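Me: Please show the structure, and then let us consider a few questions about its features.

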Amino acid sequence: MEAVIDHFGINCADYAASREFYDRVLGVLGYLRVMDVGPAIGYGRDGHPAFWIADGTGMGPNREVHVAFAAADEDAVHAFYDTALSLGAESLHAPRLWPEYHPGYYGAFVRDPDGNNVEAVFHGAQPGAQAPTNSA
């Protein structure tokens with residue numbers, strides 16, 4: 001059975017303390033920092049960041065959660081995005097390649113009814129072979 005969740009992340013009120021905490025508690029479980037982009041760190045194994053922490057300074061007690069759902073292909077990412085918008089979701093990022101994550105990363109981001117940042121992601125996209133979009 002394939003995983004439903006590709007990765008998820010939390011925003012931390014005390015980012016420095018959270019970095020130390022997760023470095024140590026995840027380290028004893030065999031998870032390491034696999035991406036560090038300054039205001040966010042991805043932990044995982046084999047180069048795949050499955051759990052992210054981010055600097056949530058100033059967000060208050062109701063910090064959003066980020067969940068990325070695994071998609072089968074680019075068309076599924078578009079279907080996720082279009083369906084979410086049809087249900088009134090706020091668009092955060094229309095479907096596109098995200099080469100800053102890795103060359104085949106294709107994702108779309110929306111805000112769910114409770115204010116969380118939800119994403120559909122496909123990791124096998126071919127640069128230059130993107131599916132056409134009708135999305136804004």
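**Surface and interior**

Reply: Val4, Ile5 and Phe8 make a nonpolar surface patch of about 260 Å². Patches are made of residues with over 30% relative accessible area and no salt bridge, nonpolar side chains (Val, Leu, Ile, Met, Phe, Trp, Tyr) being joined within 5 Å and like charges within 9 Å. A salt bridge is a side-chain nitrogen of Lys or Arg within 4 Å of a carboxyl oxygen of Asp or Glu, and areas come from the Shrake-Rupley method with a 1.4 Å probe, only the protein chains shown counting as cover. The model is predicted: local features need pLDDT of at least 70, side-chain atom pairs count only at pLDDT 80 or more, and totals for chains, interfaces and linings use all residues. Residues are numbered from 1 along each chain as its sequence is written, and side-chain values use heavy atoms, with hydrogens and water left out.

Me: Is Phe8 buried, partly exposed or exposed?

Reply: Buried means under 20% relative accessible area, exposed over 50%, and partly exposed in between. Because its relative accessibility is 35%, Phe8 counts as partly exposed.

Me: Which residues of H1 are buried?

Reply: Helix H1 covers residues 15-27. Its buried residues fall within an arc of 55° seen down the axis, so they line one face of the helix; the arc is that of the directions from the helix axis to the C-beta atoms. They are Tyr15, Ser18, Tyr22 and Leu26.

Me: What is the relative accessible area of Tyr106?

Reply: Tyr106 is found in strand E7 (residues 106-111), strands being DSSP runs (E, at least two residues) and helices likewise (H or I, at least four), numbered from the N terminus. Tyr106 is buried, its relative accessible area being 0%.

Conventions:
Buried < 20%, exposed > 50% of the residue type's maximum accessible area, 1.4 Å probe, protein only. Expected span 1.5 Å × (residues − 1).
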